Structures are given as C-alpha cells and as structure tokens.
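Here is a friendly note to read alongside the model.

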Amino acid sequence: MDNNLKLFQRSAKYLWTDPHISKEMLKAHLDPSHDGASRKQETIKKTVDWIDKNLPEKVKILDLGCGPGLYTSLLDERGHRVSGYDINPFSIHYAMKEALKTNSAINYRCLDYLKEDFGTAFDAIIMIYCDFGALIPSEQKLLLKKIKRALQPGGRFIFDVFGEGLNNIKEEHRQWSYETEEDFWGKRPRFELEESKHFKKEKVWGDRNIILEEDRTPKEYITWDQYYSEEEIKDFLRENEFTVIDLNNKLIPGDPEGGDFVRFIVAQFN
Ligand SMILES: C[S@@+](CC[C@H](N)C(=O)[O-])C[C@H]1O[C@@H](n2cnc3c(N)ncnc32)[C@H](O)[C@@H]1O
C-alpha cells in the first residue's frame, strides 16, 4: 500500500464487490432520504423523463451500472426494451426480484462491464450517477470502444458527468480514526483512513479509504471523480466519434452550484 495517493492509482480490491460494502451499497441505493449511491426518486423521475424525450420511439436500451434498477424499471414501464448490467450481485438480485413482482421482461445480468461482452444492437446506452468520470482514462477508452460496438449506427450514449461545482462540495483531507460501530465500511472494531485529494491540473478528485481490522489483511478502496466543463466533455466526445445532441445542467433540483454540479449528456455515435 502506497503512503501517497497517486493519480489514477487503482486499489487491489473493488468497492462494489466487497461482501460487506456491496450489501451496504444496496441499502444506500434504496434509501430515499439522500442522494448517495442513487439519487432521490424525484430526480430519478425527472432524469427518466429527459432520457425518454431524447429517444426517438420505443427502443432497446442498456443501463450500465444499473444498481437495483431504479431507472430500468421506469424505462420498462414506458415501453422500452431494457437490459441492466451491474457488478454488485446484491443489487442485481434485488432488481430481478422487483422485475418478477411486476412481471416485467427486463434483462438483468451481473457482470463487469469493463471485462464482459455487452451484446449488440442497442439504440441507447445509459450510465447514470457520474459513473463514466469514475473510470480512469484507459478504462474510459476501453468502455467507449465497447459502447460503440454495442450501439446501432446513430445510437445514443446518455450519461452524466460532474462539472466544476464538484469542487465546492469537496475538501482535501487525510484523517485516521478508530471506529467501533458497524457502518458502511465495516462491522468489526477498526482503524480507518479517510483521504480526499484534489489533482487540480487533471481535474479529478481521488478518495481513498483504508480499513485495518485485527487479524485481517488491510483493505484499501480508491475511487476517482473527474469533472468537466461543457467544452471539455464536448471535445472529448467529438474526439471519440460522438456528437453531443443535448446537454442539460438543470436536472438536479436545487443544484447548489447553479447548474455547474452535474451535466447530463446525450451523445450520438456518428
Ligand atoms: C454510483 S452507482 C449508480 C447506480 C445507478 N446507475 C443509479 O444511479 O441508481 C454505480 C453502480 O455501478 C456499478 N459498477 C461499478 N463498476 C462496475 C463495473 N465494472 N461493471 C458493472 N457495474 C459496475 C456498481 O455496482 C453500482 O451499482
């Protein structure tokens, strides 16, 4: 384990598949009182309205990192043919159970979208909660290649990224604590490091958590959040053969950053 968090360093373990954290993650997705893991229901509905408006008709949609299916279920209700893929088995299991209750034909799969095949002929691929900017550049490149392969000609990649407003809600810090209560990061008494580092030139925040429990191997989790100006994300997509056909900065109600917090984008594959 490195003492200094290095730009785009990846941890050996995945936050999304740790047995304790992935269960906690599902709880966080389903908690309607906050915007963590998934957004509040009001914002999800507003986002689905906007996605729907940006689709020509009833189409074949893939949701990458669908979590417990909060978007897929609404898109299915609107008559689209929907697939949802996620790496967290607890979230996919929950989504499948919900689909059974409503007799819906959503195709859920538990998989790693960076490693496994997606299938083809999708009219739209969505990826919501700024997950694209959570990928490091080599992963973004790989994922965009896979998205292009999976989309029909003229198909749409619909996603969101952080804007510069992210800087107003984050603060650099590095702090050790001793925790005894069960929470998101663990069950047993443990030392925890919480670190947040701003790489200003590269426009990215790195967050690292290290968990030290007695008689266990230390665990380290690192996540990244890249943020973009409107022009930067447009240029990036242009370089990757996509044209931005809609950009909406106003979907988060009461966006504290006056529209610079999250940018929602519809990009058409040329
Ligand atoms: C921040 S959550 C957003 C979930 C959902 N899009 C929403 O907004 O409700 C990110 C999701 O991506 C999933 N995920 C992360 N990396 C993944 C990967 N490599 N392959 C598949 N799913 C992944 C996680 O398990 C998690 O459910």
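1. In what order do the seven strands of the open sheet with mixed pairing lie? The order is E3-E2-E1-E4-E5-E11-E10. Strands here are DSSP runs (E, at least two residues) and helices are DSSP runs (H or I, at least four residues), both numbered from the N terminus. Two strands pair if DSSP finds at least two bridges between them.

2. A word on the source before going on. This is a predicted model, in which local features need pLDDT of at least 70 and side-chain atom pairs count only at pLDDT 80 or more, while totals for chains, interfaces and linings use all residues. Residues are numbered from 1 along each chain as its sequence is written.

3. Back to the seven-stranded sheet. Its edge strands are E3 (107–110) and E10 (242–248), each of which pairs on one side only. On average, neighbouring strands are turned by 20 degrees against each other, direction ignored. E10 and E11 (residues 262–269) run antiparallel and are joined by six bridges. Opposite Asp246 you will find Val266 in E11.

4. Helix H5 (residues 137–150) packs on this sheet, where it touches E1 (60–64), E4 (122–127), E5 (151–162) and E11. The direction of H5 makes about 145 degrees with that of E5. Axes are lines fitted to C-alpha atoms, for helices over the stretch in contact, and angles run from 0 to 180 degrees between N-to-C directions. Contact between two residues means that their C-beta atoms, placed from the backbone, lie within 7 Å.

5. Now look at the other sheet: four strands form an open sheet in the order E6-E7-E8-E9, with antiparallel pairing. E6 (173–179) and E9 (219–226) are the edge strands. Neighbouring strands here are turned by 10 degrees against each other on average, direction ignored. Seven bridges connect E6 with E7 (residues 190–199), and Arg174 has Glu195 in E7 as its bridge partner.

6. Next, a pair of helices. H1 (residues 19–30) packs against H4 (residues 89–101) at an angle of about 45 degrees, with axes 8 Å apart. H1 and H4 are therefore oblique to each other; angles under 35 degrees count as roughly parallel, over 145 as roughly antiparallel, 65 to 115 as roughly perpendicular and the rest as oblique. Ser22, Lys23, Leu26 and His29 in H1 meet Phe90, Ser91 and Tyr94 in H4.

7. The domain assignment (bounds come from an automatic or database assignment) gives domain 1 (15–162 + 227–269) and domain 2 (167–224). Their centres, taken over C-alpha atoms, are 26 Å apart. Eight residues of domain 1 are in contact with eight residues of domain 2.

8. Finally, which residues come nearest to the ligand? Of the 19 around it, these are Ser38, Gly65, Gly67, Ile87 and Tyr129. A residue is near a molecule or strand if its C-beta atom, placed from the backbone, lies within 6 Å of it.
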